[in-house]
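User: I have a model open here and would like to talk through a few parts of it. Could you take my questions as they come?
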Amino acid sequence: MPVPQLPPFPADVHTHPLLVIDYDLLEAGNQQEIDRLWDAATNLGFCLKNHGVQAEVDGMFEMGEATMKLPIDEKMKFEQGDEGSSFGYKAAGANAVDANGMLDTVEFINIAKDDAFAWPSIAHRTYPSTVTSRMESTVIPFVKKSTEINTTILNIFNTKLGLPEGELIKRHNDAEFSGSEARTIKNPKGMSQERTALGAHTDFGSLSFLHNRLGGLQVLPPGIDEWQYVKPLPSHAICNVGDALAVLSGGILHSNIHRVVPPPGAQANYERWSQVFFTRPGNSVILDPLSSLSPVIANAVQRNKEKHSNAGGATAQEWFTRRIKNQRIKNRTGPETWHASRGTEQGRA
Ligand SMILES: O=C(O)CCC(=O)C(=O)O
Ligand SMILES: [Fe+2]
């Protein structure tokens, strides 16, 4: 584990509480818990307990620590590049965090779900030895379990959205390549509180399954203009809806605006590690509301006409590539590059 003993999240820092959902109850089909999940997902994000992935998450943190300790020249052999692909290594300072072109401070390693599932064949690219030597013991089990959890949640959303059975899952089919990936993130200790680690954004895909140990994640809830910390709870995952589901659902599900800043209080003296799994639609999926398949979604599109987030019929791959590419500092020409990287934030970030 990267950090054996951590100071607690400061008691005097205001936080935004997320509803805690029990995954065991969801899996058992408990209607009350399903209704609570729906409430949470249509407002802000939620936290998931009893998800059963903690051992794999700890293994991913250990993989991340070994990877980030590699010499920078070695890590750069696996760099994600400037063409809008996310898979591979991203060095600190490779992305902008705002329209002024301030640099991010996080480094991360992204491992494609397709590469994990194709292993030992290569679907998209190769990875450092610290990843490949743990593919079978750690990465594949983490990706598999995270995918199963997100599938359970997508199926619940499918029913609540009034869609015919299997419509959301069809759009997240393992048989088609996608931008789905595992990400292990390191932010160095002792960064100035003025520095944004990871700029304000909505996630690009459908569902994000996030594991935090230290504070630093902040959300901008709808109708509120001040960033609010999310307090990490041990063994709980933070779940966010991303742009793709916001668009497919006609705005019924919201893509949560968030960013990462240095951890508050005494926690700032420690490296901040986070682990995410992003479920994203298959590359060819068109991002338009599924109005023709569900009157619930058709009504929402009518109701939300102005504030409804639209992807203009882009495919998931086009949406994703545009957002990644325009965050890259090497592609920056001015504030317009940042604006071109935006998703469903609607001018709020
Ligand atoms: O590190 C975190 O807590 C959040 C990371 C995140 O938002 C992302 O990678 O999209
Ligand atoms: Fe995010």
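User: Leaving aside its neighbours within four places in sequence, which residues is Ile111 in contact with?
Analyst: Bearing in mind that this is a predicted model, Ile111 is in contact with Ala116, Tyr127, Val131, Val139, Glu181 and Ala182, once neighbours within four places in sequence are left aside.

User: And which residues touch the most other members of the largest nonpolar core?
Analyst: That core has 75 residues, and those touching the most other members are Phe46, Ile111, Val139, Phe209 and Leu287. Helix 7, which spans residues 135-160, gives the most to this core, with six residues.

User: Switching to ligand 1, what surrounds it?
Analyst: The surrounding residues are Arg183, Ile185, Leu198, Asp203, Leu210, Asn212, Leu217, His258, Val260, Ser274 and Val276. Two or more residues of this shell come from each of strand 5 (181-187), strand 7 (207-212), strand 11 (258-260) and strand 12 (272-279).

User: How does that shell split by class?
Analyst: The shell around ligand 1 has six nonpolar residues, three polar ones and two charged ones.

User: What is the strand order in the open sheet of four strands?
Analyst: The order is 6-11-8-9, and the pairing is antiparallel. Strand 6 (198-201) and strand 9 (228-229) are the edge strands, each pairing on one side only.

User: How many bridges join strand 8 to strand 9?
Analyst: Two bridges join them, and Val219 has Gln228 in strand 9 as its bridge partner.

User: What does UniProt say about residues 148-281?
Analyst: The unreviewed UniProt entry annotates residues 148-281 as "domain: Fe2OG dioxygenase". In the model, that span is 17% helix and 28% strand, and its end C-alpha atoms lie 15 Å apart.

Technical notes
Residues numbered from 1 in each chain as written. Chains lettered and ligands numbered in written order. Predicted model: local features only at pLDDT ≥ 70, side-chain atom pairs only at ≥ 80, totals over all residues. Near = placed C-beta within 6 Å. Nonpolar A, V, L, I, M, F, W, Y, C, P; charged D, E, K, R; others polar. Pairing = 2+ DSSP bridges. UniProt positions renumbered as here; feature names shortened; annotations may be inferred. Core = buried A, V, L, I, M, F, W, Y, C linked by C-beta atoms within 7 Å. Buried ≥ 20, exposed ≤ 12 C-beta atoms within 10 Å, placed from the backbone. Contact = placed C-beta atoms within 7 Å.
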